[in-house]
Amino acid sequence: MNFIKVDSYEKLSITAANIIAAQIIMKPNCVLGLATGSSPVGTYKELIKKCDAGELDFSTVTSVNLDEYVGLDGSHDQSYRYFMNTNLFDHVNIDKARTAVPSGMSDDLAAEGAAYDKHIASLGGIDLQLLGIGLDGHIGFNEPADVFVKETHEVELHESTIEANARFFADIKDVPTKAITMGMGAIMNAKKVLLVANGANKKDILEKSFFGPITPQVPASILQLHPDVTVIYSEN
C-alpha cells in the first residue's frame with residue numbers, strides 16, 4: 001500500500017492524473033474504473049489538459065463507472081452519466097460507446113447489476129480503479145453494512161450520504177434515496193486501486209479504513225486486502 005500526502009488539492013489532482021495517464025500510456029486499450037463526486041473533479045481537469053496538449057490519447061480506452069442514482073436518467077444534471085460527460089468525456093477523445101455507467105432507470109435493477117458485472121468480466125476486469133471515500137467509509141455507494149456485497153447491486157443510501165450529497169441539489173428532498181453500485185468484487189479484482197481524498201474531515205475515516213479492523217461497517221477497510229493500492233490525501 002502506497003500513501004502519498006500532498007499539501008494542496010491541486011497537487012492531489014496532478015498526482016492522481018499522472019498515475020492514470022501512466023496507465024493509459026502503458027496500456028492504451030486499458031479499462032479504467034471511474035468515480036464521481038467532488039474529489040476526482042480536479043483529476044479529470046488535469047487529464048483533459050494532457051489530452052488537449054497531445055500527451056494523452058483516450059481513443060482506445062474503455063471505462064466503467066462505479067455507480068448511479070436510482071431514478072435519474074443520463075440527461076438529468078445530477079446523474080452520474082451527466083457528471084462524467086460534462087467533467088471528462090465531452091472534453092477528451094474517448095469513444096462514448098466504450099463508456100459504461102450502470103442504469104438507474106432499469107425496471108429490474110438486479111438484472112441490470114448482473115449485466116453490468118458480466119460486462120466488466122467481458123472486458124477482462126478493470127486495470128485501474130479510481131475511488132473517492134465517504135465520511136462513513138463508503139466506496140462507490142457501498143454503504144456501511146453487515147456484510148461486504150460482491151455484486152453490483154441496489155442500495156439504500158444512508159442519511160449521512162444523502163445529507164452530504166444535498167449540496168448538489170436544490171433541496172434535500174430532491175436527493176435520491178437509492179442507488180445502484182458496483183460491488184466489492186469488481187473493485188477488489190481491479191489490478192490497481194487509486195483512492196483520492198481531500199479535506200481535514202477525511203483524516204479520521206482514512207485512519208479507520210487503512211489502520212483499523214477490516215469490517216463491512218467501514219467498507220473501504222476491505223482495501224487493506226488489495227495488493228496494489230495508492231492513496232493520495234490532502235488536508236486542504
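Buried means under 20% relative accessible area, exposed means over 50%, and partly exposed lies in between (1.4 Å probe, protein chains only). By that rule Lys5 is exposed, because its relative accessible area is 59%.

This is a predicted model: local features need pLDDT of at least 70, side-chain atom pairs count only at pLDDT 80 or more, and totals for chains, interfaces and linings use all residues. Residues are numbered from 1 along each chain as its sequence is written, and side-chain values use heavy atoms, with hydrogens and water left out.

**Core**

The largest nonpolar core holds 70 residues. A nonpolar core is a set of buried Ala, Val, Leu, Ile, Met, Phe, Trp, Tyr and Cys residues joined through side-chain atoms within 4.5 Å. Phe58, Leu88, Met182, Leu195 and Leu223 touch the most other members. Helix 1 (residues 9–26) gives the most to this core: six residues. Helices (H or I, at least four residues) and strands (E, at least two) are DSSP runs, numbered from the N terminus.

Take Leu88. Beyond residues up to four places away in sequence, Leu88 touches Leu34, Tyr44, Leu47, Ile48 and Phe83. Contact here means heavy atoms within 4.5 Å.

**Helix 7**

Helix 7 spans residues 203–211, and Ile205, Leu206, Ser209 and Phe210 are buried in it. Down the helix axis, these buried residues fall within an arc of 110 degrees, so they line one face of helix 7. The arc is that of the directions from the helix axis to the C-beta atoms. Their cover includes strand 1 (2–6), strand 9 (192–198) and strand 10 (229–234).

Phe211 also sits in helix 7. Phe211 counts as exposed because its relative accessibility is 62%. With Met1 and Phe3, Phe211 makes a nonpolar surface patch of about 350 Å². Patches are made of residues with over 30% relative accessible area and no salt bridge; like charges are joined within 9 Å, and nonpolar side chains (Val, Leu, Ile, Met, Phe, Trp, Tyr) within 5 Å. The areas come from the Shrake-Rupley method with a 1.4 Å probe.

Gly137, in the loop between strand 6 (128–131) and strand 7 (153–156), is in contact with Ile205, Val218, Pro219 and Ala220, leaving aside neighbours within four places in sequence. Gly137 is buried, at 0% relative accessible area.

**Salt bridges**

The whole structure has nine salt bridges. A salt bridge is a side-chain nitrogen of Lys or Arg within 4 Å of a carboxyl oxygen of Asp or Glu.

| Pair | N to O distance |
|---|---|
| Glu235 and Lys5 | 3.3 Å |
| Glu46 and Lys49 | 3.2 Å |
| Lys178 and Glu154 | 3.7 Å |

Glu235 and Lys5 form a salt bridge that links distant parts of the chain: Glu235 in the segment after strand 10 and Lys5 in strand 1, 230 residues apart. Glu235 is partly exposed, at 30% relative accessibility.

Glu46 and Lys49 both lie in helix 2 (residues 41–52), three residues apart, about one turn of the helix. Glu46 counts as buried, at 15% relative accessibility.

Lys178 and Glu154 also form a salt bridge. That pair links distant parts of the chain: Lys178 in strand 8 (residues 178–181) and Glu154 in strand 7, 24 residues apart. Lys178 is partly exposed at 30%, and Glu154 is partly exposed at 37%. Elsewhere, salt bridges that share partners join Lys27, Asp127 and Lys191 into one network.
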